[in-house]
Amino acid sequence: RELDEIAEESGLADQGECRTAALAPETAAEIARWLEWQCQMLAGVQRGVVFLNSRSRAGKLDIAGVWPPERKASRALRNSAERAVAERRSVIKKALDEVGNGTEVLDYVGQPLMQNGKAIGAIGLALDVRSEAQRRAVMQLLEWGIGWLDVTLEQTTTSTNAGILLAHEAIEQLTRDFPFPI
């Protein structure tokens, strides 16, 4: 399913809170692959979302990936991710699962994605409730797993920046005053 559909179904799109990140198809596929692997590796994950800082809306997060694809994003996942970005640290809180039947309590994890000392987004996971020791183990595994995602996102940033630099150089060359031979 398309991420735009998930954003709309979550009810967050109607309030202008949730948009799909503008990503190259190969980057979106890598994020989806990583998120699926991460969520299946950790027992008891109900939902997972990768959020990236919005390019068009300052201070907002856009959805870059959702697992499982047929599930909805949720306000609790977004709140955990936003808090992780704001505080630049991992956060875990218990909350009612507003996407399910509304009676189950889940642990909501937010883990910031950092590049060059800046939070560029966050991972949000909804998990079965765990003991404190199990929560620490989940956070450690998530931090290790994020290493692969960081490389993917850094390569995307690097190739985007390289493309921008190349375009600037081409424009500079084209706008120079050259003595054209006649």
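Trainee: Which residues make the nonpolar surface patch?
Mentor: Trp37, Met41, Leu141, Trp144 and Trp148 make it, and the patch comes to about 530 Å². Keep in mind that this is a predicted model.

Trainee: And which elements give two or more residues to that patch?
Mentor: Helix H2, residues 25-41, and helix H4, residues 132-175. The largest share comes from H4, with three residues.

Trainee: Take Trp148, where does that lie?
Mentor: In helix H4.

Trainee: Why does Trp148 count as partly exposed?
Mentor: Because its relative accessibility is 36%, and partly exposed covers what falls between the buried cut-off, under 20%, and the exposed one, over 50%.

Trainee: OK, new topic. What's the mean pLDDT of the chain?
Mentor: The mean is 78, and 72% of the residues reach 70 or more.

Trainee: Where does pLDDT stay under 50?
Mentor: Over residues 1-16. The model still has 32 contacts for that stretch beyond four places in sequence.

Trainee: Noted. How many helices and strands are there in the chain?
Mentor: Four helices and five strands. Starting at the N terminus, the order is α-α-β-β-α-β-β-β-α.

Trainee: What about helix H3, what does its buried side pack against?
Mentor: The buried residues of H3 pack against strands E1 (45-53), E2 (61-67), E3 (91-96), E4 (105-115) and E5 (118-128).

Trainee: Which residues of H3 are the buried ones?
Mentor: Ala76, Leu77, Arg78, Ser80, Ala81, Ala84 and Val85. Arg78 is on that list too.

Trainee: How does the span of H3 work out?
Mentor: H3 has 13 residues, 75-87, so at 1.5 Å a residue the helix should span 18 Å. The end C-alpha atoms are 18 Å apart, which agrees.

Trainee: What follows H3?
Mentor: Arg88, and its phi is positive, near 55°.

Trainee: Last one. What share of the contacts between residues at least 6 apart joins residues at least 24 apart in sequence?
Mentor: That share is 60%.

Methods. Residues are numbered from 1 along each chain as its sequence is written. This is a predicted model: local features need pLDDT of at least 70, side-chain atom pairs count only at pLDDT 80 or more; totals for chains, interfaces and linings use all residues. Side-chain values use heavy atoms; hydrogens and water are left out. Patches are made of residues with over 30% relative accessible area and no salt bridge: like charges are joined within 9 Å, nonpolar side chains (Val, Leu, Ile, Met, Phe, Trp, Tyr) within 5 Å. Accessible areas come from the Shrake-Rupley method with a 1.4 Å probe; for residues, only the protein chains shown count as cover. A salt bridge is a side-chain nitrogen of Lys or Arg within 4 Å of a carboxyl oxygen of Asp or Glu. Buried means under 20% relative accessible area, exposed over 50%, partly exposed in between (1.4 Å probe, protein chains only). pLDDT is the predictor's confidence in each residue, from 0 to 100. Contact means heavy atoms within 4.5 Å. The expected span of a helix is 1.5 Å times one less than its number of residues.
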